[in-house]
Amino acid sequence: MQQRATFAAEVGRRIQRLRQARGLSLSELAHRAAVGKATLSGLEAGTRNPTLETLYAITAQLEVPLATVLTDPGTPASEAEAVHGAAVSAVLLESFADETVTTELYRLRIRPGRVQVSPAHPRGTVEYLTVFAGTARVGPVDGPVVAGAGDHVSWAADVPHLYAAEDGTDVHAGLLIRCTVAVPPADPA
């Protein structure tokens with residue numbers, strides 16, 4: 001439990017640092033991300049556990065990849081904890097960045113019985129999903145595709161997109177996200 005509290009505090013610290021670097025008030029970021037101000041305040045204080053949906057909403061408004069708030073630059077991604085959403089649990093396995101592209105690799109589990117909608121990522125973001133087990137329905141909200149074990153699909157993720165287990169069993173997959181927004185430089189603090 002202590003490790004989870006530390007993770008939440010670190011994620012909150014990163015969100016606050018990014019928000020302040022962009023000159024946004026807590027109220028402004030909460031409004032833009034469509035999350036409650038109390039929720040955002042609790043995240044920044046490290047007293048609330050972040051959900052995948054909330055983190056995606058916040059990072060979309062900060063125009064940074066999700067990995068930016070999950071780990072500090074230079075920290076091995078393998079130290080990142082799982083982040084859970086309504087239907088998806090994701091573990092960051094690796095994050096690569098150069099001046100123009102950030103690439104994130106996640107291990108995904110999509111649980112049956114729910115649909116998770118992710119907000120649009122920055123323009124030019126593409127997601128690539130390889131399904132190892134189960135059958136997933138993924139992609140743009142207005143045109144998802146079905147992928148079974150052994151299938152590989154990709155879609156433009158700069159529009160709202162969804163993840164769902166199609167056949168009542170867990171989906172196990174790898175997700176690669178390529179984002180044309182560079183990760184901000186490390187904060188010396």
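On a 1 Å grid over the protein atoms alone, a cavity is a set of points where a 1.4 Å probe fits but cannot get out. By this rule there are two cavities of 30 Å³ or more. A volume is the space filled by probe spheres set on the points, with grid points joined across faces, edges and corners.

This is a predicted model: local features need pLDDT of at least 70, side-chain atom pairs count only at pLDDT 80 or more, and totals for chains, interfaces and linings use all residues. Residues are numbered from 1 along each chain as its sequence is written, and side-chain values use heavy atoms, with hydrogens and water left out.

**The largest cavity**
- The largest cavity has a volume of about 70 Å³.
- Two elements each give two or more residues to its lining: α4 (52–62) and β10 (171–179).
- Helices (H or I, at least four residues) and strands (E, at least two) are DSSP runs, numbered from the N terminus.
- The largest share of the lining, three residues, comes from α4.
- Lining residues have an atom within 4 Å of a point; among them are Y56, T59, A60, H121, I177 and C179.

- Buried means under 20% relative accessible area, exposed over 50%, and partly exposed in between (1.4 Å probe, protein chains only).
- The buried residues of α4 include Y56, T59 and A60, which also line the largest cavity.
- Just after α4, E63 has a positive phi of about 55 degrees.
- In α3 (residues 37–45), L40, G42, L43 and E44 are buried.
- G46 follows α3, with a positive phi near 80 degrees.

**The sheet**
- Six strands form an open sheet in the order β1-β2-β3-β10-β5-β8, with antiparallel pairing.
- β1 (83–84) and β8 (152–156) are the edge strands, and each pairs on one side only.
- Two strands pair if DSSP finds at least two bridges between them.
- β2 (residues 88–97) and β3 (residues 102–110) run antiparallel and are joined by nine bridges.
- E94 has L105 in β3 as its bridge partner.

**The surface around V115**
- V115 lies in strand β4 (residues 115–118).
- V115 is partly exposed, with a relative accessible area of 43%.
- Together, V115, V117 and V141 make a nonpolar surface patch of about 220 Å².
- Patch residues have over 30% relative accessible area and no salt bridge, and nonpolar side chains (Val, Leu, Ile, Met, Phe, Trp, Tyr) are joined within 5 Å, like charges within 9 Å.
- A salt bridge is a side-chain nitrogen of Lys or Arg within 4 Å of a carboxyl oxygen of Asp or Glu.
- Accessible areas come from the Shrake-Rupley method with a 1.4 Å probe; for residues, only the protein chains shown count as cover.

Technical notes:
1 Å grid on protein atoms, 1.4 Å probe; cavity = no way out; pocket = protein on both sides within 12 Å on 5 of 7 lines; lining within 4 Å.
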